[in-house]
Amino acid sequence: DTAVSQTPKYLVTQMGNDKSIKCEQNLGHDTMYWYKQDSKKFLKIMFSYNNKELIINETVPNRFSPKSPDKAHLNLHINSLELGDSAVYFCASSQAGTGISVQFFGPGTRLTVL
Amino acid sequence: KNEVEQSPQNLTAQEGEFITINCSYSVGISALHWLQQHPGGGIVSLFMLSSGKKKHGRLIATINIQEKHSSLHITASHPRDSAVYICAVVRGQLTFGSGTQLTVLP
């Protein structure tokens with residue numbers, strides 16, 4: 001059983017397009033996250049979200065927006081894609097509170113913007 | 001200067017060796033995570049620490065809050081331990097180190 005799943009696994013698109021990456025967790029966790037891993041393999045948090053609070057990393061452009069239809073899903077919408085958005089995006093979830101419990105990661109989505 | 005520094009950046013060891021990866025941070029934190037990223041890209045959480053020491057199989061993680069330092073030890077290393085090991089500190093959000101690429105040779 002997959003704990004945290006992401007779709008698609010690979011996404012290739014043109015500059016200027018709008019795209020979404022979906023994330024689902026079946027662990028019953030309260031908090032979900034989106035991370036970006038750049039070409040140098042450096043991980044950076046983008047968002048953390050539970051049903052009460054969205055915490056946004058202030059460095060994330062407002063072209064990126066998380067959408068949570070329910071507790072088990074946190075989708076990532078990206079508008080007006082730019083070359084620099086090419087990266088691997090990881091979704092994760094944890095039982096409680098931002099960073100204060102063990103996190104379970106999805107397999108990642110490799111986004112390539114041409 | 002990054003808030004979280006890992007050393008070494010790259011480490012090559014022979015199978016069976018004892019391995020230590022270090023993580024130093026410059027801010028007050030509420031917890032620290034050690035993650036493992038496999039060659040295929042998947043990320044697994046190994047430990048979350050706020051004090052003391054934790055052990056899981058051949059892996060041991062320690063943290064010294066006063067010295068702002070954590071170590072990840074691998075005993076009796078094996079080629080399947082080859083991966084990138086990433087330290088992340090919790091201060092509101094997670095801030096990550098740049099990772100340590102470990103290669104264990106048979």
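In this predicted model, a polar contact of 2.6 Å joins the side chains of Q103(A) and Y35(A). The side chain of Q103(A) makes a further polar contact, at 3.5 Å, with the side chain of Y33(A). Q103(A) belongs to strand β10 of chain A, which covers residues 103–105. With a relative accessible area of 2%, Q103(A) is buried, because the limit for that class is under 20%. When neighbours within four places in sequence are left aside, the contacts of Q103(A) include A92(A), S93(A) and S94(A) in chain A, and H33(B), S45(B) and L94(B) in chain B.

**The interface of the two chains**

The contact between the chains involves 18 residues of chain B and 18 residues of chain A. The size of an interface is often given as the accessible area lost when the parts come together. Chain B and chain A bury about 1,500 Å² between them, and 65% of this area lies on carbon and sulfur atoms. On the side of chain B, I43(B), Q93(B) and F96(B) lose the most area to chain A, together accounting for 40% of what that side buries.

Four strands of chain B, namely β4 (31–37), β5 (43–49), β9 (83–91) and β10 (93–96), each supply at least two residues of the side that touches chain A. Of the elements of chain B, β4(B) gives the most to that side, with four residues. By type, the residues of the side of chain B that touches chain A divide into eight nonpolar, ten polar and no charged.

**The fold of chain A**

Chain A contains zero helices and eleven strands. The radius of gyration of chain A is 13 Å, close to the 13 Å that the globule rule gives for 114 residues, so chain A is as compact as a globular protein of that length. Along the principal axes, the C-alpha atoms of chain A fill a box of roughly 35 × 30 × 30 Å. Of the 114 residues of chain A, 44% count as buried. Among contacts in chain A between residues at least 6 apart in sequence, 56% join residues at least 24 apart.

**Salt bridges**

Over all chains, the count comes to four salt bridges. The table lists three of them.

| Side chains joined | N to O distance |
|---|---|
| D30(A) and K71(A) | 3.0 Å |
| R63(A) and D85(A) | 2.8 Å |
| R58(B) and D81(B) | 2.8 Å |

D30(A) lies in the loop between β3 (19–25) and β4 (31–37) of chain A, and K71(A) in the loop between β7 (64–67) and β8 (75–78), so the pair ties together parts that are 41 residues apart in sequence. D30(A) is partly exposed, at 32% relative accessibility, and K71(A) is likewise partly exposed, at 42%.

R63(A) is in the loop between β6 (54–56) and β7 of chain A, and D85(A) is in the loop between β8 and β9 (87–94), 22 residues apart. Both R63(A) and D85(A) are buried. A network of salt bridges links R63(A), E82(A) and D85(A).

In chain B, R58(B) lies in the loop between β6 (52–56) and β7 (59–64), and D81(B) in the loop between β8 (69–74) and β9, so this pair ties together parts that are 23 residues apart in sequence. R58(B) counts as partly exposed, at 26% relative accessibility, whereas D81(B) counts as buried, at 6%.

Conventions:
Residues are numbered from 1 along each chain as its sequence is written. Chains are lettered from A and ligands numbered from 1 in the order in which they are written. This is a predicted model: local features need pLDDT of at least 70, side-chain atom pairs count only at pLDDT 80 or more; totals for chains, interfaces and linings use all residues. Side-chain values use heavy atoms; hydrogens and water are left out. Buried means under 20% relative accessible area, exposed over 50%, partly exposed in between (1.4 Å probe, protein chains only). A polar contact is a pair of N or O atoms within 3.5 Å; within protein, one must be able to donate a hydrogen and the other to accept it, and residues adjacent in sequence count only if both atoms are side-chain atoms. Contact means heavy atoms within 4.5 Å. Buried area is the accessible area (1.4 Å probe) that two parts lose on being put together, summed over both. Ala, Val, Leu, Ile, Met, Phe, Trp, Tyr, Cys and Pro count as nonpolar, Asp, Glu, Lys and Arg as charged, and the others, Gly among them, as polar. The radius of gyration is taken over C-alpha atoms; the globule rule is 2.2 Å times the number of residues to the power 0.38.
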